Amino acid sequence: MPRPAPDTIAFTVDGLEVNAPAGMMLADAAKLGDVEIPVFCYEPKLGEPVGACRMCLVEIEGIPKLQTACSTPVRDGMAVNTQTARVKEAQEAVLEFLLINHPLDCPVCDKGGECPLQDITYGWGPGRSRFIEPKRHFVKPLALSPLIAIDRERCILCYRCVRFSQEISEDYQLVLQERGADSYVSTFDGHPYVAPFSGNIIELCPVGALTSQPYRFRARPWDIEGSGSVCLGCPGQCNVEYTVRDERVLRVLSRQHDGVDDGWLCDRGRFGYQSFHVDERVTHPLVRVDGELIPVAWDRALDEAAAALGGAGSDSGALAGGKTTNEEGWLLQELFRGALGSPNVDSRADGMLPRELHAALHAPALQATVPDLEFAHAVLVLDCEPVDDQPSLDLRIRKGVRRNGVKLAVASSRPSSLDANAAAVVRYAPGAGEAFCAALNGALGESDAGPGSATRKGVVEELAEAAGADADAVRALAAVLADAGEDVVIVYGERLTHGARGEDAARALLNVCGRVAEAGHDGAGLLEVPAGTNGRGLREVGVLPNAAPGLAPVSPVGLASAELGASAAAGAISALYLLHVDPLRDLPGRATWRAALQRADHVIAHADFLSEGLWEYATIVFPAESYAEKEGTITHPDGRVQRLRPAIARPDAVRAEWNVIADLSKRLGHDVSVLSGAMASARVFEAIPFYAGLTLDELGGRGLRWPARPAAAGWPAADTGPFGLETPPHAPTPNGALRLGTFRSIWAAQEVEVAPALKFLRQRQRAELHPVDAERMGLAHGDRVTVGSNGSRVQATVVLRSGVPEGSVFLEAGIAEESASELDGGGLVEVSPQ
Amino acid sequence: MTGPTILFEDIDERGLNTIDVYRRRGGYESLRKVLTTMQPSEVVDELMASGLRGRGGAGFPSGRKISFIPKVDVDKYLVCNADESEPGTFKDRELMQKSPHMLIEGIVIGAFAAGATKSFIYIRGEYVEQADIIDAAIVEAREAGFLGENILGSGFGLTLHLHRGAGAYICGEETGLLDSLEGKRGNPRLKPPFPANQGLYQGPTVINNVETLATMPHIIKMGGAEYAKIGTETSAGTKLVSVSGNVQRPGNYEIELGISSREIIYGLAGGPPEGRAVKMWFPGGSSSPVLTGDDLDIAYDFNTLAQAKSMLGSGAIIVVDDSVPVVSVALKLAKFYKHESCGKCTPCREGTRWTVSMLERVDQGLATPMDLDIMASVQEQIIGNCLCVLGDAMAMPIGSMVAKFRDEFEAHIEAARARNPWAGEGPPDPDPVLVQGASGA
């Protein structure tokens, strides 16, 4: 559905003429004339108004009854009164009713001081109550979940939380129980409300009925300061506001940005802040002495690192993890390319993609934006699971489908939580993304040209079979994309372009895109879900073995991460530099990486926690900043450059990482002349042609999409399709074994493991199986099994899911123990009972 | 003389609930006429000409309601509201029990006029026997070709399903009914959009009461203009009234609109028992503001009752004689509405609870006359400020009782305080005569 065209009308509120967009609700439109109409249940983010609280009653000339401003769209010439005696009476009546059962325990309520009910009572209330009967009582507070406490006496039954659960996150867990004055908010079956987005209801609650368990009684509003920045938890890069008290982050709130997050946060982003302040955090430089990491002074750590790197010279390599900022990434490649003469820098997990393909996949002409998902005719979600990989996208896609009738198509190996909303779903074998894209391309070719087209008969069947998918399902999905309209957005996971055949997969994807989305057409194109938070930015600032800053050509070409690991395992690499990455945890091929870390003479890491690989093998560890301490810029998957601003001081001996890398560079004789965070940003903007002219001031609190700026012309030439492709390899036939698919859930993250509030969500390995496969192997839900391949094995608990394609098993990667990355082999694994 | 009988003409004929007897009595002939000789717009014109107003409570002109259905090519629905949950109302019950085919015929005619192809009867869960009768009648009608595809060879098709509610008053409110029918919690929806535009499953929907639909075949048979001659200018036709309470012959009666209320209460229902006088009466169900014994001579039609600041509502007349204390009536009523409030909007949810609390205090003598002012003011705060009319349905009768019987309320407080050892200063007075006297004020 295309975006509605704005149309301005004029109406009068309290005698004041105001211009507003047609169709805007009166409660919002009145604000344009500086008139506030009090509301409780109304929240535009939640969709259609419900008119339940009756707080916003206003008088509209020509209509005898008072009307709810939240549900009345403004019309040209409408005359509205919000100050008449009748309106005042109604407002006082509603507030008197609402306060009948409210305990008025504001002095001990977390919400006191930032409470809409309090504010509106002061502003519009009757001042005194005539109610002398006993109030309604509930046991309180109760744990709605380990993260949320519910105080039902404070609840004014505005429905916001229930609507969020039903209509935004669509987890359908919260309901109103009972009826009338006995109503209360609850989960249907009394189970804890655990869901990826549950924390949003705390922020939505207009009273203190839903409070954050970790924040309860930690501060009053006058103790705290708000500080805006960006969450680094995932590529969604939601805008957040940290609540800071005495240099500690006590809470994370959403800082609504419709271009990025729509005002929602996932629970990992909302509660992960606790990881900033745990004892496990590394806060001093560490050097391994006699097998043990001991805290040392910065000078010693830097000297030793400089000596190690200087000694290794070009026999060194660096990896940057997703939480690396643009500035840190740029400095890292300066350090390696400039000071050490080593081309081995990478930020991708697995395999190298030609520079021109990077340029093609992210070309401004093909770049879709996040809001495009809301208004597209069709969206294809390809090889990713938004709720796990970039949670904010999940909500955005649901919104588009629910409110604007976007046609959704889902193509993935693992069943997706979006399946139920999709008009077409295709399941293909794990790792067969390339074959699927080829099959889809073929199917689109058939419908493009009609009968007698160039597409050979039966080719879709062949390709679908190679992908382990159903040809008719591929055709149905192709039809959804082809018939929807011109605004088609493809959301694809970076993992599609990983591995040995990532290059072919990227070309196949570009062929599909060429058929459904016109280059240069606004509202259509590609949107990547990178594997790391700043995946896009790191590639753009040159943390790639085959591209310099600005995706410029580079010679010689360095080793990509997997090759680097193999090379180090073979003893050819002397020093490894790990910036916010632990290969054992974050990268595939654990066995190789373990050998590599063991074999390398020096393993230098920036880390805030000593995860397994660093704990065992790092020789020098620099304490890394938490993301509330960082300054710099990151680039959103849709090209929006966003600014990080430090909210709290760095604890103990922690130093800014740009400063550490610049210092090392200087010690190694390559002075980059970066003396402040702002200088680092300026250097990045200078170095990258398509960032040219950006300034931190211009980025401000909202960021800027560089593809929409004139400097985007500096984007390098791309290798555009359509490509003639060889036949993709057939997905391995299970033949008794099972195809291994991996995924990373929203909870597979360091902060979940260390933040006290989130620890209960820590993931344990589970093997997702189709019931038929499980029955064949004599396994039942909950059984413990060993999944093995080529001598490597992990332990897991069986979980039966009928959506899993038969012949496949899914294991989780990125978790601390028994991670799927332990398994090496040709994509086939054996599952055996323990 | 109560005028012509239309709906109840053959109502007591044995076996009228079967299709054979119904057809022998001329049943389904109107449907045949409609489907073979008329256009949908002509049916709407007939309904408009008849002046038929909705019999469920709101009294909205039925023809106009159907004419609001947009003429677009989407699935449209007709829903028959058989929830009949208004206390005192039991006319639809008799109609469905004794003449289900009249309703089905009306549904098909209404659906044809509206262009609806799917229809539902939402019947209250307590009507077990009636639901079984309708289910059987639907089967008969389908077998006889009056439901299903291509009815009577006209090309018009209609499916009809019976859905049993679970006994919530709010599901008689049309949008609450739709939510319930969709499988959701039965809460009223915000209007607009009105059901005519976005009703069941977001499609255009006509919702009519059982009696309204059952009248349609008769209007087709006699012609709209002819029907309009019955009754008064603004309240055409006949109406089924359910008379209950302190009368000697409670029951359903069909009357011509516009006859005097005394004729119904005394003439048809026999008036209160010997020696008793009418203290007050609800002219249109428990949610209509009460009228007193002085109002018995007003004409029973939509406009006259509205002028008397009450309403015809569902046509359920509840008579209260002078043996009943007004406070107990008010308390019973308020408790009902408190129990049935869905809780979605603030004034109704909190106002009904508060009113019950205050009335309980009044009843126990723990109140003062000032509480009566607060009670009256709370009713004012509810009326017109709610999402649907349930709040008003309590506030209007309670408000009218407090206004019209204030003396009795005050006397009741005094008497109960005297009786209640915890409330007053003096010793409890064991004499029940005092209480009786209070109620007789």
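What follows is a set of questions and answers on ring pairs, charges and the chain contact.

Reader: Before we start, what kind of model is this, and what pLDDT do local features need?
Author: Residues are numbered from 1 along each chain as its sequence is written, and chains are lettered from A and ligands numbered from 1 in the order in which they are written. Side-chain values use heavy atoms, with hydrogens and water left out, and this is a predicted model in which totals for chains, interfaces and linings use all residues, side-chain atom pairs count only at pLDDT 80 or more, and local features need pLDDT of at least 70.

Reader: Why is the pair of W298(A) and F622(A) called stacked?
Author: Rings of Phe, Tyr and Trp (its six-membered ring) pair if their centres lie within 6.5 Å; planes under 30 degrees apart count as stacked, over 60 as edge-to-face and the rest as tilted. Over all chains, the search finds 24 aromatic pairs. In this one the centres are 5.7 Å apart, and the planes meet at 10°, so the pair is stacked.

Reader: How many residues apart in sequence are the parts that this pair ties together?
Author: Helices (H or I, at least four residues) and strands (E, at least two) are DSSP runs, numbered from the N terminus. W298(A) belongs to helix α7 (residues 298-312) of chain A, while F622(A) belongs to strand β25 (residues 620-623) of chain A, so the parts tied together are apart in sequence by 324 residues.

Reader: What is the area buried between chain B and chain A?
Author: Contact here means heavy atoms within 4.5 Å, and 30 residues of chain B are in contact with 36 residues of chain A. Buried area is the accessible area (1.4 Å probe) that two parts lose on being put together, summed over both. Carbon and sulfur atoms give 53% of an area of about 2800 Å².

Reader: Which residues of chain A and chain B meet in a salt bridge at 3.1 Å?
Author: A salt bridge is a side-chain nitrogen of Lys or Arg within 4 Å of a carboxyl oxygen of Asp or Glu. Between chain B and chain A the count is 2 salt bridges. The one at 3.1 Å, N to O, joins the side chains of E340(B) and R179(A).

Reader: Which strands hold E812(A) and R766(A)?
Author: Their side chains meet in a salt bridge, 3.4 Å from N to O. The pair ties together parts that are 46 residues apart in sequence, because R766(A) lies in strand β30 (residues 766-769) of chain A and E812(A) in strand β33 (residues 808-812) of chain A.

Reader: What separates K98(B) and E94(B) in helix α5?
Author: The side chains of K98(B) and E94(B) form a salt bridge, 2.9 Å from N to O. K98(B) is partly exposed at a relative accessible area of 25%, whereas E94(B) counts as buried at 19%. Because they are 4 residues apart in helix α5 (residues 91-98) of chain B, the separation is about one helical turn.

Methods:
Buried < 20%, exposed > 50% of the residue type's maximum accessible area, 1.4 Å probe, protein only.
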